[in-house]
Amino acid sequence: MTQVDYDALSQRLLALCAGESDEIALMASFACEVYHADERFDWAGFYRNVGGDILKIGPYQGGHGCLVIPFSRGVCGAAARSGEAQLIDDVAVFDDHIACASTTRSELVLPVFNQQKRLIGVFDIDSDQPHAFGAEDADQLADILRQVFYGACP
Ligand code: SME
């Protein structure tokens with residue numbers, strides 16, 4: 001299942017983001033590198049926490065994504081509400097899945113926190129393959145998100 005060299009991806013991102021504290025620049029770099037890291041990923045991007053329990057689209061790669069997601073909706077909203085990773089093997093059985101693309105079969109959404117431990121948004125990856133993501137993807141990407149947005153770069 002895992003085809004990503006997460007050590008190499010982490011090194012690339014930490015080098016790219018070194019000394020940068022602008023969240024949009026960090027998000028754009030992160031979405032680009034992850035999207036191109038593995039053919040399983042056919043959409044990768046951020047939804048930003050804009051207050052009022054609303055997420056709005058941020059930097060992404062892939063087909064167009066919906067612009068606004070309330071915390072009460074979708075896989076992204078579940079990650080924002082819970083602060084927990086959402087690993088969805090089959091989006092067809094996730095009651096309130098928001099289908100930005102009819103080809104999406106599985107999804108991984110991770111909450112993103114800044115140095116002040118504030119939820120700045122969620123990172124969403126879609127795949128047109130069922131069961132495309134595993135615990136290693138969730139753990140490794142969560143760790144790199146922490147390094148980029150919580151620690152090393154800013
Ligand atoms: N599927 C997500 C919505 C974002 S699109 O996948 C880019 C959800 O259910 O929250």
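Student: At roughly what angle do the axes of helix H1 and H2 cross?

Tutor: Keep in mind that this is a predicted model. The axes of helix H1 (residues 6-17) and H2 cross at roughly 155° and come within 10 Å. Angles over 145 degrees count as roughly antiparallel, so H1 and H2 are roughly antiparallel to each other.

Student: And what is the handedness of the crossing of H1 and H2?

Tutor: H1 and H2 cross in the right-handed sense. On the H1 side, the contact is made by Leu-9, Arg-12, Leu-13, Leu-16 and Cys-17. H2 brings Leu-26, Ser-29, Phe-30, Glu-33 and Val-34. Sort the residues of this contact by type and you get 7 nonpolar, 1 polar and 2 charged.

Student: OK, now the sheet. What is the order of its strands?

Tutor: Start with the general idea: strands of a sheet pair through backbone hydrogen bonds, either parallel or antiparallel. Here we have an open sheet of 6 strands, ordered E3-E2-E1-E6-E5-E4, and the pairing is antiparallel. At the edges sit strand E3 (68-70) and strand E4 (86-88), each pairing on one side only. From one strand to the next, the twist averages 25°.

Student: Which helices pack on that sheet?

Tutor: Helix H2 (residues 23-35) is one of them, touching E1, E2 and strand E6 (119-127). The direction of H2 makes about 160° with that of E1. Helix H4 (residues 135-151) packs on the sheet too, where H4 touches E1, E4, strand E5 (106-113) and E6. The direction of H4 makes about 30° with that of E5.

Student: Let's zoom in on E1. Over how many bridges does E1 pair with E2?

Tutor: Strand E1 (residues 43-49) and strand E2 (residues 54-62) pair over 6 bridges, in the antiparallel sense. Then try Ala-44, which has Gln-61 as its bridge partner in E2. The hairpin of E1 and E2 has 4 residues between the strands, and in this hairpin Gly-51 takes a positive phi near 95°.

Student: What about E1 and E6: do they pair in the parallel or the antiparallel sense?

Tutor: Antiparallel, over 6 bridges. Go back to Ala-44: in E6 its bridge partner is Ile-125.

Student: Is E1 mostly covered or mostly uncovered, then?

Tutor: E1 is mostly covered, with 6 of its 7 residues buried. When you look at a strand like this, recall the general rule: in a regular strand the side chains alternate between the two faces of the sheet.

Terms used: Residues are numbered from 1 along each chain as its sequence is written. This is a predicted model: local features need pLDDT of at least 70, side-chain atom pairs count only at pLDDT 80 or more; totals for chains, interfaces and linings use all residues. Side-chain values use heavy atoms; hydrogens and water are left out. Two strands pair if DSSP finds at least two bridges between them. Helices (H or I, at least four residues) and strands (E, at least two) are DSSP runs, numbered from the N terminus. Axes are lines fitted to C-alpha atoms, for helices over the stretch in contact, and angles run from 0 to 180 degrees between N-to-C directions. Contact means heavy atoms within 4.5 Å. Angles under 35 degrees count as roughly parallel, over 145 as roughly antiparallel, 65 to 115 as roughly perpendicular and the rest as oblique. A crossing is left-handed if the near helix is turned anticlockwise from the far one by less than a right angle, and right-handed if clockwise. Ala, Val, Leu, Ile, Met, Phe, Trp, Tyr, Cys and Pro count as nonpolar, Asp, Glu, Lys and Arg as charged, and the others, Gly among them, as polar. Buried means under 20% relative accessible area, exposed over 50%, partly exposed in between (1.4 Å probe, protein chains only).
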